[in-house]
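Subject: Structure handover

Hello,

I am passing this structure on to you.

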Amino acid sequence: MSAVNILIAIVLFSVIILFHELGHFLLAKANGIGVIEFSLGMGPRIISYAKTEEGHRVKFFGSSRYFEEHKEFEDHTLYSWKILPFGGSCMMLGEMENIEDDRAFGKKGVWARMSVIFAGPFFNFILAFVLSLFLIGFAGYDEPFLTRVSPGMPLAEQGFQDGDRVTEINGRHIVVNRELKNYIQFHPLSDQPIELTVERDGQEITKSVTPRLVKDEEGNDVYRLGFSYNIDRTKAGVWENIKYSAYEVKFWIFTTIESLGQMFSGKVSAKEVSGPVGIVQVVGDVVSDSMPGGIGLVMCNILIMGILLTANLGVMNLLPIPALDGGRLLFLIIEAIRRKPLPEKFENYVNVGGFVILMGLMVVILANDIIKLIPH
């Protein structure tokens, strides 16, 4: 993988993280919460920047000692770019401890604090929507048409035809062709009948179809319905662009949730999970594989990866796991119901424990990423 591909992957990942933290930052400012530091990356600072009320601006390479020694910067946000290009933070005043300051996070109402925490994942979904607008505006959307119904196979025997537009499978609403593909991937065909609804000449047709056991190209027994679906994209008008961009975000959110379900149920191996290093590798591979198709295909695939990753990050952060936004939201929801916060010690113990487990999991995933890079 070339240095250019790695740079593209890092920039994409950084934009997604930055947008997530921007959500926390903007809602914190809107609710009058003091933000100590807003940073991109992790580890030692490369550049730090602050602004006083007099409009004085300072840039400083290295540590933040200069700002700590000059008290005029004490109540102002420090903006930092750190050396490791993964992660980021929006460090708020009184976020991890109780302090007597009206601008402290803990001094704000529970709904204000919930809005600040939820804003990070929500901004990931906003970014996914914006990227989808560019993708669909440029490449169009993928309609779920049956392009070929194989003669003698179950769909053909039930009267389905080339050009039928799939609208439902087993009650699951279908809008784009990838939803049909994903449904079959997450719910493998068997000898059980499925209910398929298509639209033909403005009329809806619903029939029950039983998959057939056949041999695939490698001689394995597989269940098939006997169809191919549309892989071309249809150019969208302004309204369709907005509508299908929303569907694009919905598709990746539901795909992430279903993938998590597969992982927790043991249907997906932990070895298939990727961390930051693995993501950089995947993005780099996608860029390399797209190069022969020209810059247009490269840009489309970068946008698709961006939508996938930012939607994935939004969903993952909403999981009710301590140390993640979802875990903090859960505590705040409990506080709203109880009308008083949970004991501080209990919350701290849970968060620290969750953080330790999360870091351990990250080490395992990182090791898994590195093992994947080693030639076997």
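Predicted model: local features only at pLDDT ≥ 70, side-chain atom pairs only at ≥ 80, totals over all residues.

Aromatic pairs

A pair of aromatic rings is described by the distance of the centres and the angle of the planes. The count for this model comes to nine aromatic pairs. One of them joins Phe 25 and Tyr 79: the ring centres are 6.0 Å apart and the planes stand at 65 degrees, so the pair is edge-to-face, the cut-off for that label being over 60 degrees. This pair links distant parts of the chain, with Phe 25 in helix 1 (residues 3–30) and Tyr 79 in strand 3 (residues 78–92), 54 residues apart.

Are these two residues buried or exposed? Phe 25 has a relative accessible area of 10%, so Phe 25 is buried, since buried means under 20%. Tyr 79 has a relative accessibility of 28% and therefore counts as partly exposed.

Tyr 79 also pairs with Tyr 49. Tyr 49 lies in strand 1 (residues 35–51) and Tyr 79 in strand 3, so the pair ties together parts that are 30 residues apart in sequence.

Ring pairs link Phe 25, Tyr 49 and Tyr 79 into a cluster that also includes Phe 38.

Charges over rings

Which charged residues sit over the rings of Phe 251 and Phe 138? Over the ring of Phe 251 sits the charged end of Arg 178, 4.6 Å from the ring centre. For Phe 138 the residue is Lys 235, whose charged end is 5.5 Å from the centre of the ring.

Surface patch

A nonpolar patch on the surface is formed by Leu 7, Val 11 and Val 15, and together they have about 260 Å² of accessible area. Leu 7 is placed in helix 1. With a relative accessibility of 52%, Leu 7 counts as exposed, because the cut-off for exposed is over 50%.

A residue in helix 6

Thr 256 lies in helix 6 (residues 238–264). Its relative accessible area is 8%, so Thr 256 is buried. What is Thr 256 in contact with, leaving aside its neighbours within four places in sequence? The contacts of Thr 256 are then with Asn 312 and Val 315.

Regards

Key
Residues numbered from 1 in each chain as written. Heavy atoms only, no water. Phe/Tyr/Trp six-rings, centres within 6.5 Å; stacked < 30°, edge-to-face > 60°. Helix = DSSP H or I, 4+ residues; strand = E, 2+ residues; numbered from the N terminus. Buried < 20%, exposed > 50% of the residue type's maximum accessible area, 1.4 Å probe, protein only. Lys NZ or Arg CZ within 6 Å of the ring centre and 35° of its normal. Patch = residues over 30% accessible without salt bridge, like charges linked within 9 Å, V, L, I, M, F, W, Y side chains within 5 Å. Areas by Shrake-Rupley, 256 points an atom, 1.4 Å probe, with all protein chains shown as cover. Salt bridge = Lys/Arg side-chain N within 4 Å of Asp/Glu carboxyl O. Contact = heavy atoms within 4.5 Å.
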